[in-house]
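Trainee: Bring up the model, please. Let us work through it one question at a time.

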Amino acid sequence: MAYLNNSKSISLYIHIPWCRKRCYYCDLHTYKLQNSFLHKIYIKNLLKDLEQDILLFNLKKSRIRTVFIGGGTPSLVSEKLIKFLMHEISKRIEIQKNAEITIEIHPKDVNYKKIYSYLSSGINRISFGMQSTYKNQLNLIDRSYNFHMINNFLKIIKDCGFKNINLDIMYALPNQNLNLAIEDLKNSISLQTNHISWYRFTVSENTMKKKNISEDTAIEISNVGEKFLEENGYKKYEISSYAKNTQNQCLHNLNYWNFGDYIGIGCGAHGKITKNKKIYRTEKNKVLNKYMKNNFIKKIITLQEKDIIIEFFMNKFRINSLIQKQEFFDKTGINPKKLKPCITKSIKKKYLIEKNKFWKVTKMGKNFLDNLLELFLV
């Protein structure tokens, strides 16, 4: 077996579990907004959680190359606490110079004081949860702002000095048609950010139902919208991610998709750590009351070979790049020759192309990604 994930550089995901209210379509680990005193305790517990992972996996000499503060709604937590959190993290583990550090923010939390504070905390990337530019669509997903407000909020973010900004936009929203979806993209492009995450609206089976548009309409929107984004300078590099330039791609998410290692701290957070030629998955307690009592780890799983194979390809198939055989070996420790039955079936179905040093997913493979992945369930 190869020495897995030789690099000491890893990522850090930080989960903030609170929202103003729970969206009916969401099945993430979130809770209704609590008081600021509880936030302070939670932030201190995040640091204890990090310390525990560093000790368990001997990560003291590792370096953080990307940080992603997600949720929930991280911008509900005071900027002072976020600044404190970032400062304290850097005392416990090295954060690389020029590391990508992202925070997700809700449009209604934007103000000059908060955004300037983020910048002085070392945060250099904003993920802006817009979802749509149309008031009627925003009302359907319980959002109480409009396009004019969004424009003003983004002006504040740019005035403060942020250049690396992602817009989250949904398509296939209730009652949406192709024209509305493309107009939504036009409005979004006019905001001139360098990254757009354009992903399909779905209602979880675990949440309240609301009528979705037809599958045919959703596919049509996806195909036309993808072409429209690329015609306007946004290159697709992942299933739902578009960037103006290579340097604007989200490095944190690319680390996930390239089967990199990351620490996950916070209520319900997940992590992946390679150590001593084994790959571990960590899952943190999603019950807030338990987490707040220092009961951080729900379970640690050592991945078996069959799990490693499916996880590697489940991530790699998301991005528009060649899959190097050497990379597969380096990151899994598994000889690529063991994949011959899976690869042969995939080629026969025209989902994959194989060359001497790499595999490439075909357009058909992208269109039938679930079917392709099923072939790797060994």
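Trainee: Which residues of α2 are buried?
Mentor: Start with the terms. Helices (H or I, at least four residues) and strands (E, at least two) are DSSP runs, numbered from the N terminus. Buried means under 20% relative accessible area, exposed over 50%, and partly exposed in between (1.4 Å probe, protein chains only). In α2 the buried residues are E79, L81, I82, L85, M86, E88, I89 and R92.

Trainee: What kind of model is this?
Mentor: Residues are numbered from 1 along each chain as its sequence is written, and side-chain values use heavy atoms, with hydrogens and water left out. Local features need pLDDT of at least 70, side-chain atom pairs count only at pLDDT 80 or more, totals for chains, interfaces and linings use all residues, and the model itself is predicted.

Trainee: What do the buried residues of α2 pack against?
Mentor: Packing here rests on contact, which means heavy atoms within 4.5 Å. Both strands and helices are involved. The partners are β1 (9-16), α1, β4 (63-71), β5 (94-105) and α3 (112-120).

Trainee: How far apart are the end C-alpha atoms of α2?
Mentor: The expected span of a helix is 1.5 Å times one less than its number of residues. Helix α2 (residues 79-92) has 14 residues, so it should span 20 Å. The model agrees: the end C-alpha atoms are apart by 20 Å.

Trainee: Which residues is I14 in contact with?
Mentor: I14 is among the residues with the most contacts inside the largest core. Leave aside neighbours within four places in sequence. Its contacts are then L46, V67, F68, I69, G70, L85, I89 and I265.

Trainee: How many residues does the second core have?
Mentor: The second core is separate. F259, I279, I343 and L373 are included in it. Its size is 24 residues.

Trainee: What arc do the buried residues of α12 cover?
Mentor: In helix α12 (residues 340-348), the buried residues are C342, I343 and S346. They lie on the same side of α12, because the arc around the axis is only 95°. The arc is taken from the directions from the helix axis to the C-beta atoms. The value to note: 95°.

Trainee: Which exposed residues does the other face of α12 carry?
Mentor: The buried residues of α12 pack against β16 (352-354), β17 (358-361) and α14 (369-374). The face turned away from the buried side carries exposed residues, K340 and K348.

Trainee: Is N276 buried or exposed?
Mentor: N276 lies in the loop between β12 (270-275) and β13 (278-284). Its phi is near 50°, positive in a residue other than glycine. At 66% relative accessibility, N276 counts as exposed.

Trainee: What is the geometry of the pair F312 and F313?
Mentor: Rings of Phe, Tyr and Trp (its six-membered ring) pair if their centres lie within 6.5 Å; planes under 30 degrees apart count as stacked, over 60 as edge-to-face and the rest as tilted. The structure holds 19 aromatic pairs. In this one, the centres are 5.1 Å apart and the planes are at 85°, so the pair is edge-to-face.

Terms used: A nonpolar core is a set of buried Ala, Val, Leu, Ile, Met, Phe, Trp, Tyr and Cys residues joined through side-chain atoms within 4.5 Å.
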